[in-house]
Amino acid sequence: MERTRLKRLLLPAMVALLVATAGCSALPGGDSEAAGYDVAGSELDGQTITDTTTDAVEDAGSFTIETDSSVTTSQGGAEQTGLSTIQVDLDDDRGIRNQTQSYSTENQTREQISVVYTDGSTSYRKQTSQGETTYDQQEGPQQSITGIRPVNTTAFTQNYTSIVDGFSWEQDGSGEVDGVAVTEYSLTGEPDKDVLNLPENATVEDASGALYIDSDGVLRQADIAYTVTTERGTTSIDATTTLTDVGSTSVEEPGWLSEVS
């Protein structure tokens, strides 16, 4: 399905999207007066941005990623939205993921709320769907489609290559995101269908977006929205991902752990 493939490009945790949100913390020892990223928009490289962001976050030892997303299709007017917050303390090998997903059509709306807490090799899940709440526990990696997907507590795994390389960007001034100096890049020009893994006959319209990158090459915030039309119909994506509390995220054991049998 086109919708599923497009979602995987932009939602790393469910992966991630909807209304732009500000609020990113400086790296420890960072200089809030420093200039933003001194690279022309035409020279932005997705792998470089991914690597510099990963190195900075892993050196800092902890982070929070928020993803807000909306995917709407013309088939039945279906809309799927997701809100995910992942907090990880790499130094303590602990992480927690709060995720809310909803699926709506003209006839029904379904919502599922899931919280996964991972401590070392053990993961715990609290899940609420259709008014029912369940608790379960798992050792090691996910073993089945209904099993728990652990929080990755050993590495920063966000990949920004498709977002950066799939579109053209130009510098659009500078500013601050929660006290951190950033360069803003605005989306411009035609998308690269090969990078976005889109069929040749697809048309992309209403594309807009912005990247906010600090002087260390850390991607603090990314906004992206576009509509794809193929012979199967139209899919609209609106996504935002933000990186916050780098080096200052702490993960506490949730109170509901006592409910896990």
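Q: In which sense do strand E2 (residues 79-89) and strand E3 (residues 94-104) pair?
A: This is a predicted model, in which local features need pLDDT of at least 70 and side-chain atom pairs count only at pLDDT 80 or more, while totals for chains, interfaces and linings use all residues. Residues are numbered from 1 along each chain as its sequence is written, and side-chain values use heavy atoms, with hydrogens and water left out. Strands (E, at least two residues) and helices (H or I, at least four residues) are DSSP runs numbered from the N terminus, and two strands pair if DSSP finds at least two bridges between them. E2 and E3 are joined over eleven bridges, with Gln 87 partnered by Ile 96 in E3, and the sense of their pairing is antiparallel.

Q: Which residue in the turn of the hairpin formed by E2 and E3 has a positive phi?
A: Four residues stand between E2 and E3 in this hairpin. The phi in question is about 60°, and the turn residue that has it is Asp 93.

Q: Which residue in E4 is the bridge partner of Gln 99?
A: E3 and strand E4 (residues 109-119) run antiparallel and are joined by eleven bridges, and a hairpin of four residues connects E3 to E4. Within E4, the partner of Gln 99 is Ser 114.

Q: How many of the twelve residues of strand E11 (residues 233-244) are buried?
A: E11 runs antiparallel to strand E1 (residues 62-73), with ten bridges between them, and Ser 69 has Ala 239 in E11 as its bridge partner. Ten bridges also join E11 to strand E10 (residues 219-230), again antiparallel, with Ala 222 opposite Thr 241 and a hairpin of two residues joining E10 to E11. Buried means under 20% relative accessible area, exposed means over 50%, and partly exposed lies in between (1.4 Å probe, protein chains only). E11 is mostly covered, and its count of buried residues is nine.

Q: Why does Gln 130 count as exposed?
A: Gln 130 lies in the loop between strand E5 (122-129) and strand E6 (132-139), and its phi is near 55°, a positive value in a residue other than glycine. It counts as exposed because its relative accessibility is 61%.

Q: Why is Asn 197 partly exposed?
A: Asn 197 is found in the loop between strand E8 (180-188) and strand E9 (203-214), and its phi is positive, at about 60°, although it is not a glycine. It is classed as partly exposed because its relative accessible area is 40%.

Q: Which residue forms a salt bridge with Arg 125?
A: A salt bridge is a side-chain nitrogen of Lys or Arg within 4 Å of a carboxyl oxygen of Asp or Glu, and the count by this rule is two. In one of them, Arg 125 in strand E5 is linked to a residue in strand E6, eleven residues apart. The N to O distance is 2.8 Å, and the partner is Asp 136.

Q: How far apart are the closest N and O atoms of Asp 214 and Arg 220?
A: Asp 214 is buried because its relative accessible area is 3%, and Arg 220 counts as buried because its relative accessibility is 1%. The two form a salt bridge, and the distance between their closest N and O atoms is 3.0 Å.
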